[in-house]
Amino acid sequence: MNGLAFDVAHLLAGGLVLVSFMMLYQDRLYALLNVFALQAVVLSLSVAWQAWAQDAPHLYITAAIALVLKAIAIPVALHRIIARLGIQRQIETVVGVGPTMMAGIALVALSMVVMLRVTPEADPLAREDLAFALSVLLLGLLMMVTRHNAVSQVVGFMSIENGLILAGTGAKGMPLVVEISVAFSVLVAFIVIGIFLFRIRERFDTVDVQALDRFRGGQQ
Amino acid sequence: MAVIPALVVQGTQMLLVLLLAPLLTGFVRKVKARLVRRLGPPVLQPYLDLLRLLRKEAVLAENASWLFRVIPYLIFATTWVAAALVPTFAIGLLFSWTADLIAIIALLGAARFFLALAGMDVGTSFGGIGSSREVMFATLAEPAMIMIVFTLALIAGSTQLSSIAGLMLSSGVGLRVSLGLALIALIMVALAENARVPVDNPATHLELTMVHEAMVLEYSGRHLAVIELAASLKLLLYMSLIACVFLPWGLAVPGTGVTALLVGMVAYAAKLAVGGFLLATFETAIAKMRVFRVPDFLGAALMLGLLATLLRFVSRSF
Amino acid sequence: MAVIAELWCVALLLGTAVLAVIVRAPAASRAVYGVTLAATLIGFAAAFSTAVAGTTAVTLPLGLPWIGARFRVDMLSAFFLIVVNLGAAAACLYGFGYGRHEHEPKRVLPFFPAFLAGMNLVLLADDAFTFLVSWEFMSLSSWALVMSHHREPGNAYAGYVYIIMASVGTLALLLGFGLLAGPYGFYGFAEMRANAATPMSAGLVLGLALFGAGSKAGLVPLHVWLPLAHPAAPSHVSALMSGLMTKVAVYAFLRIVFDLLGPPEWWWAVPVLAVGGVTTVLGVLYALMQNDLKRVLAYSTIENIGLVFVGLGLALAFAASGFPAAAALALTAALFHVFNHALFKSLLFFGAGAVLTATGERNMERLGGLIHAMPVTSVVVLVGCVAISALPPLNGFASEWLAFQAILLSPQLPQWGLKLLVPAVGALLALAAALAAACFVRMFGIVFLGRPRTPAAAQAREVDRWSQSAMIIVAAMCLIAGILPGAVIDGLAPVVQSLVHDRMPVQLGIPWLSTIPIAESRSSYNGLLVFLFVTASASLAAYAIHHLASHAVRRAPAWDCGFPNAGLATQYTADSFAEPIRRVFGAYVFRAREHVDMPPPGDVRPAKLTVERHDLAWEFIYGPIAAGVSLAADRLNRMQFLTIRQYLSLVFLALVSLLLVLALWP
Amino acid sequence: MTPINGVTLILAVPAATAALLAFLPGYRLSARLNMLSAFVTLVAALSLFAYKPEPGPYILVDDLNIVFIVLSSFVGFTTSVFSASYIAHELETGRLKAVHLRFYHAMYQVLLFAMNLALVANNIGLMWVAIELATLTTVLMVGIYRTHEALEAAWKYFILGSVGIALALFGTILVYMAARPVVGEGLDGMVWTVLIQRVVDFDPAFLNVAFVFLLLGYGTKVGLAPLHAWLPDAHAEGPTPISAVLSGLLLNVALYAVLRFKMLLAANPGALAPGPLMVTMGLTSLVFAGFMLYRRRDIKRMFGYSSIEHMGIIVFAFGMGGPLANFAGLLHMTMHSLTKSAIFFTVGHIAQVKGTQRIADIRGLTVTHPMLGWGLVVGVVAIAGMPPLGIFMSEFLVVSSTFARNPLLALVLVGGLLVGFGALFLRLQGVAFGEPVGSTAPVEASYVPTGMHLGLVLMAGVYLPPPLVTWFQHVAGLLG
């Protein structure tokens, strides 16, 4: 694993964290989807690079799946859903953008500290890779927590999955099972979201989660 | 064959107690009358009353139950047995070990229990007033009495009345604070138990003030006679109890000759006379308390008894 | 093998319980009570044989896998088996007649034998797990019995409070056994006896045992469920619960403190004596304030349990300070009172049941004059009242007298704390005895004497033969135990020997069958002679007067100081009878206040007297706890209605905090 | 050709039936087929007792999971029997339409398949996939009624479940990363039997982080306190057979997964002791659920919270560690799943008879429907931990051993138990006793499953079969 491969992988993983930050910053749905597509592209590049670096051909398939599904298919589908629901403009975060960004930085710092406690003789790339993956995961979770809109929550969830894919591919030699499971979860996420969004739309005429909350268990 | 003479002595005690009781009551009434410059009924008047009542027919209320007719005899029996066990002129009698001081007090408790029931049997409001108040007084008088018994038992090391009197007689016991407290408490309890003046007026039938009389309101004829006799027996019992414990001089010690018995009887008669006189003077000198002042009066007796017991517990010397 | 016979008796009881559920035969009640009676008699005989044959034990492959379910009948459990089975046999006999009036027998029949089986099992258990399983099974079946009349308004609440207090007690005992067993789980009683607990943990175990057994027996702060639950059950079950279940609780305390904990410390006696003393007085003061017949009896159970615990406290104090003879006397007094209370409390509850069947009323204000309509029941209940008020010829006085003798021995105790506590407890005992007499004069007087206050009381009829026979037998036993206390004391000797390694002097050889607790010179009491003297002199006086003087009788309207035919309402009622005592004692015990609303002259409004009474236990212990729980429930209830986003933030916070813990971990 | 043995059968049969049922239109036939396949799975599971296959790279059957395999097949079978009569009634009342039922039975079999796969999986990745599949099927089943509340509950369950599963996946990856330097790349890094032998020289920090993620990830599926939000609503809004399976089995399977990883940590001395972590989460769940029971208006949601409470007790027991507490935890898992599913069977029929799940509208059951009423009473008495029934034995062991080691914790535990106990009996008194309210129509309920479950629990309360005891004791030693 010569220096160049390490630096490029390192760069791409850092790029993914940067894109997660960009997603936190968005307050328009369409822009959010575009940034999500960008994140998916960066992810597939990183996976492809890992494939080349570990010369593990199966990773190319994951990169391809990530590119096709996450970068193209899902954003387009969500785009069309948003267009039908006509909720382009409404996106309001629970906490202002400033505090969210601060929290994001703190989370990245936390994941760095937690991961760096791992003893150094474990192979260095794994440590940095996991640190970045953990940051993407925590940022995705932060996104889900700070948004009212169901679509943005789903996008947050998908960025968590991207973090997982980054971690999975970083782990050299992890058997194929991981790839299938990651693909499996992306597939299921897509189907279920589709069904739910249409049903929620059909029932509540809005996809705003707050409207949904009126029917919380045992309210009546 | 020491049993026969002991049996004779015990028999004389039981008869003596029975005979002296009405005399004591008559004597007390005579002295009270004299103190207020009244001539007063003759001393033997109680005997005449008893004989008159015995001959009359007993008038019972329509809804009086069989218990109403049995209770007078039960009260008389328990009081008489208790009185027979308290040493009057001699100690160490044949049956003195059948019941100690606690049992004697419990027998009096039984008599009061049945009297209260009799009060409630006919279902009139006066019987209820009498029973309810008598029972309230008892809830304070009986614990005070038991505290006194504790003190005496702790001093004498036994609850047997004969051995307590014996110890007092042998003057092994000097003047003690706890004994003084016990004496005052015993006098207060005796006044309450026998329905004497500060607690209850034995002479009057005024509805609102009477306690003891209210319970026996419905009795007549022979039942009333038996109850009156039992009441005077109880007064005699308390007198002989105070006498045998606190003025033991003159009591015949077991095994001594007939002369000692006679001396004992004379001393006992003198003690009764003094006791009766003191009771009469005390009654004329003091007015009757309101009913709800009596609990404070009896509460004081209970506290005195408890203090005496506590002192005995704390150290031998008190 | 006595223990095998006992286990067969328990198996028979459980079998009857199961059959009672399945079989729908019309004569089911008679069959169930018959078989239960047979089973209890077997148990009774087996317990007696233990006194002769000695301790027997057996281990079955049930219960905790590694120690199995151990059962053992030693002297202590034999005595309590005798008490329980005796009371149970009387209750079955009573149940023959009383069971017929039960309108939902299907809810009582299966649980009655199960309840008895539970009690017997508790007495047989020899390891912590079996003990607690049978203890809670006993509470469960008695809860079901309390719930049998679930349609009556107060019963569901009573059942609820009961089951909560029962499980609090069980958990306290469980913690106590946990301490005794140590971290490696030696749950067998034999192992517990072997490794003696450290003084500190022994004190804790004593506290837990007092709390656990006390909550079942009804010691004062933990008594609140007893007057609710016992009256709610059918009368013969209330007799079992009050008479016998409280005794099983005393057994639990004895087994843990006297047997498993090893040599006692002197300061153990302080809490037991203090709680016992306070319980006696408060129990009977509560009883005086009640108008419900069965509730009066339930509260008086609390008083008698307090007396038993005072005896146990004294025994602990004497045993700790090295006076085994005095400890034997105090323990004998306590066990004698256990035996007596089981008898006369069952008798009184049978009486209450008879009154309930005859009049359908439990409120004393609506009864009265039952002595005319129910002669047998009134005589028997009178015997019960005389016995429970500790009056001489009967058994109540015998155990009270022994307790006083034990108190009089206590100046020998060196510790200052006990020197001041014991006389105070003695005063409380004396006060409680007098109050008990007042309470039962009130009960008997208001219910049986006077004139019937309601038509229901007027048309009362005597109960059936079975109930009468059960009551008469128990009353006879009370009389015999009162007349021959020496025989009972000798019977208790082996039990006392096994617990405090000493016994009272043998009473058998003493002339005239009198009882001498310590020494001839000290004190003696002869129940038989007192009884003979009283009856002889009473009949002699009656005979003499009837023959020498007059025996004429005339019926006339009551004199009543000249007021003609006074109305029924002028009679004294339960409240008015207790009013003086409430005014004297109630002012500071219950903060009882009387508010008289007297309208001004000319105003037609009726005058009103209201008595305001507070139950301190509820207000200062149970009220705040219940309020705290419902406040916490309200506060946390908002957690159910959060949005998904908020739940996610909970998950997020949990994750971040755990990661922080990892990051900062040294 | 993979050998035909117990394990392959318990996986193949549900999968095949699921595929078949997906295309079977008729309800009556598919219900019967559902029962038949569950029964065959049960027989296959029982055969495991006789012949225990060698642990392969993907499949493992050892002392820990054999008991849970049999338990889940047994409860799966009894629930299918109950579900047949329950769904028949739902069809009559029109709450469920026929078109959904074809989907319902297929999903039921997929759920059984997923749970069995999770139990026997030797590969931690495979275990994760199986639990993910189980979660998704239950999400779809919860939403089957299509009411607003059901949808909201399903959506909540999906979001929280997926986040939990994502965390668990990250934990699994971390375990693999920790194992890679020692065990080498490839499949071995994921095989549990290999991991357990080599865990001694893994990097402790990796394991700590991994365990935190795994505990939070699978902890969400167990329903521990901060992560519990989905459980009560899923129980209340989903069909009752699913609540029974959810409460009875799925929670156990998730906890089983946590136990697998706790064994790993226990074997590595350097790693941070998982005890305090699990004890705190256990106690918070116990006390929190105890208090939440009081204000519940829906009977199934109340028993949902009771499941959280009992999971709290179990996790607390495993957190305390030591042979006694671990044995108690394993016993409690078994007893709880049997008792809770029996309660849900009874509650299902009660809700159908009375037509409502509101506690206030159900009164006097022991009068109108004695079998149901007393069944509920025995169920609640069992779940409250009263002795003659099995749960008392585990509570007895946990409380007494905890008090001997750490009295303060025991007091909090006892406090939580009492609070929960009070709420359960408060509601039981109202529901089972008092003047009857609502319809008194007779119900043709299937009492066999409830009877079998409560019978087993009663038997376990008094007598534990020796083989079960040896297994639990052996595993208790392993759990550390």
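What share of the contacts in chain C with a separation of 6 or more is accounted for by residues 24 or more positions apart? Such residues account for 79% of these contacts in chain C, two residues being in contact if their C-beta atoms, placed from the backbone, lie within 7 Å. The model is predicted, and local features need pLDDT of at least 70, side-chain atom pairs count only at pLDDT 80 or more, and totals for chains, interfaces and linings use all residues. Residues are numbered from 1 along each chain as its sequence is written, while chains are lettered from A and ligands numbered from 1 in the order in which they are written.

Chain C contains 25 helices and five strands; helices (H or I, at least four residues) and strands (E, at least two) are DSSP runs, numbered from the N terminus. The radius of gyration of chain C is 27 Å, close to the 26 Å given by the globule rule for 666 residues, so chain C is as compact as a globular protein of that length. The radius is taken over C-alpha atoms, and the globule rule is 2.2 Å times the number of residues to the power 0.38. Along the principal axes, the C-alpha atoms of chain C fill a box of roughly 105 × 75 × 60 Å. Of its 666 residues, 59% count as buried. A residue is buried if 20 or more other C-beta atoms lie within 10 Å of its own, exposed if 12 or fewer, and partly exposed in between, with C-beta atoms placed from the backbone.

Two domains are assigned in chain C, domain 1 (1-200 + 218-225) and domain 2 (263-512), with bounds that come from an automatic or database domain assignment. The C-alpha centres of domain 1 and domain 2 of chain C lie 23 Å apart. The contact between these domains takes 20 residues from domain 1 of chain C and 32 residues from domain 2 of chain C. On the side of domain 1 that touches domain 2, the largest share, 12 residues, comes from helix α3 (residues 75-98) of chain C. By class, that side of domain 1 has 14 nonpolar, five polar and one charged residues. Here Ala, Val, Leu, Ile, Met, Phe, Trp, Tyr, Cys and Pro count as nonpolar, Asp, Glu, Lys and Arg as charged, and the others, Gly among them, as polar.

The largest nonpolar core has 656 residues, of which C:Val248 and D:Ala118 touch the most other members. A nonpolar core is a set of buried Ala, Val, Leu, Ile, Met, Phe, Trp, Tyr and Cys residues joined through C-beta atoms within 7 Å. This core draws at least three residues from each of domain 1 and domain 2 of chain C. With neighbours within four places in sequence left aside, the contacts of C:Val248 are C:Phe80, C:Val84, C:Met119, C:Val122, C:Leu123 and C:Met138.

Chain B has 11 helices and one strand, in the sequence pattern α-α-β-α-α-α-α-α-α-α-α-α. Its radius of gyration is 19 Å, close to the 20 Å that the globule rule gives for 318 residues, so chain B is as compact as a globular protein of that length. The C-alpha atoms of chain B fill a box of roughly 55 × 45 × 45 Å along the principal axes. Buried residues make up 59% of the 318 residues in chain B. Of the contacts in chain B with a separation of 6 or more, 80% are between residues 24 or more positions apart.

Among the four pairs of chains that touch, chains B and C have the most contacts. This contact takes 67 residues from chain C and 72 residues from chain B. On the side of chain C that touches chain B, α18(C) gives the most, with 14 residues. The residues of that side of chain C divide into 44 nonpolar, 16 polar and seven charged. Strand β1 (residues 58-61) of chain B pairs with β3(C) in the parallel sense over four bridges, where two strands pair if DSSP finds at least two bridges between them. The bridge partner of B:Ala58 in β3(C) is C:Val553.

The contact between chains D and C takes 50 residues from chain D and 50 residues from chain C. On the side of chain D that touches chain C, α17(D) gives the most, with 10 residues. The residues of that side of chain D divide into 39 nonpolar, seven polar and four charged. Chain B and chain D do not touch, and their nearest C-alpha atoms are 40 Å apart. Chain A and chain B do not touch either, with nearest C-alpha atoms 58 Å apart.
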